[in-house]
Amino acid sequence: VVSTQSTGIKNIRNMAWRGRLSLNVQEVRFNFCPNSSTSSGTRSFLSRNYKDLKTLNPKLPILVRERINVGPELFVRYDFGVSKRTNLSGLNEQEVENQLIQAYSLGFNQKRSEESLLPTSEYVVDYK
């Protein structure tokens with residue numbers, strides 16, 4: 001049996017990356033079809049999470065592109081033009097989130113530009 005307290009702590013840890021997304025990436029872009037069943041997980045993730053992600057990372061471009069007959073994908077740009085494109089076709093909401101977390105985590109291993117090393121207090125909102 002998992003206590004409510006430990007579950008709450010786990011949820012806070014899982015949410016912490018959201019407020020730090022702009023520390024590791026320069027742009028996040030979602031492309032998906034507004035009607036396709038293969039894009040349903042992406043649409044669900046965005047409808048439930050876009051507002052929080054944007055509120056917590058106000059200066060980070062988080063782009064949402066609906067395109068007819070296009071498979072869902074996540075495009076993340078890091079410093080110096082390095083980017084990663086991930087196919088989200090057929091993934092559910094949790095799997096889409098996991099792909100974004102993985103892309104965020106890859107940012108720790110990327111070279112950083114001087115602009116990215118600016119003080120983060122005005123660019124990042126943290127959970128308190």
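1. Helix H3 passes helix H4 in a right-handed crossing. This is a predicted model, and the crossing described here is taken from that model. H3 covers residues 40-56 and H4 covers residues 93-106. Their axes come within 8 Å and cross at roughly 55°. The two helices are therefore oblique to each other.

2. On the H3 side, the contact is made by Gly-41, Thr-42, Ser-44, Phe-45, Arg-48, Asn-49 and Leu-53. On the H4 side, the residues are Glu-93, Val-96, Glu-97 and Leu-100. By type, the residues of this contact divide into four nonpolar, four polar and three charged.

3. In sequence order the pattern is α-α-β-α-β-β-β-α. Of contacts between residues at least 6 apart in sequence, 76% join residues at least 24 apart.

4. The chain has 128 residues, of which 34% count as buried.

5. Val-64 is placed in strand S2, which runs over residues 62-66. Is Val-64 buried, exposed or partly exposed? Its relative accessible area is 34%, and buried would require under 20% while exposed would require over 50%, so Val-64 is partly exposed.

6. Which residues does Val-64 contact, leaving aside neighbours within four places in sequence? They are Phe-30, Phe-32, Leu-46 and Tyr-50. Phe-30 is 34 residues from Val-64 along the chain, yet the C-alpha atoms of the two are separated by 4.9 Å. Leu-46 and Tyr-50 of this set fall within the residue range given above for H3.

7. Most residues other than glycine have a negative phi. Asn-69 is not a glycine, but its phi is positive, at about 60°. Asn-69 sits in the loop between S2 and strand S3, the latter spanning 73-77. With a relative accessibility of 73%, Asn-69 counts as exposed.

8. Phe-80 is the other loop residue to check. Phe-80 also is a residue other than glycine with a positive phi, near 60°. Its place is the loop between S3 and strand S4, where S4 is 83-87. The relative accessibility of Phe-80 is 58%, so Phe-80 counts as exposed.

Conventions:
Residues numbered from 1 in each chain as written. Predicted model: local features only at pLDDT ≥ 70, side-chain atom pairs only at ≥ 80, totals over all residues. Heavy atoms only, no water. Helix = DSSP H or I, 4+ residues; strand = E, 2+ residues; numbered from the N terminus. Buried < 20%, exposed > 50% of the residue type's maximum accessible area, 1.4 Å probe, protein only. Contact = heavy atoms within 4.5 Å. Axes fitted to C-alpha atoms, helices over the stretch in contact; angles between N-to-C directions. Parallel < 35°, antiparallel > 145°, perpendicular 65-115°, else oblique. Left-handed = near helix turned anticlockwise from the far one by under 90°. Nonpolar A, V, L, I, M, F, W, Y, C, P; charged D, E, K, R; others polar.
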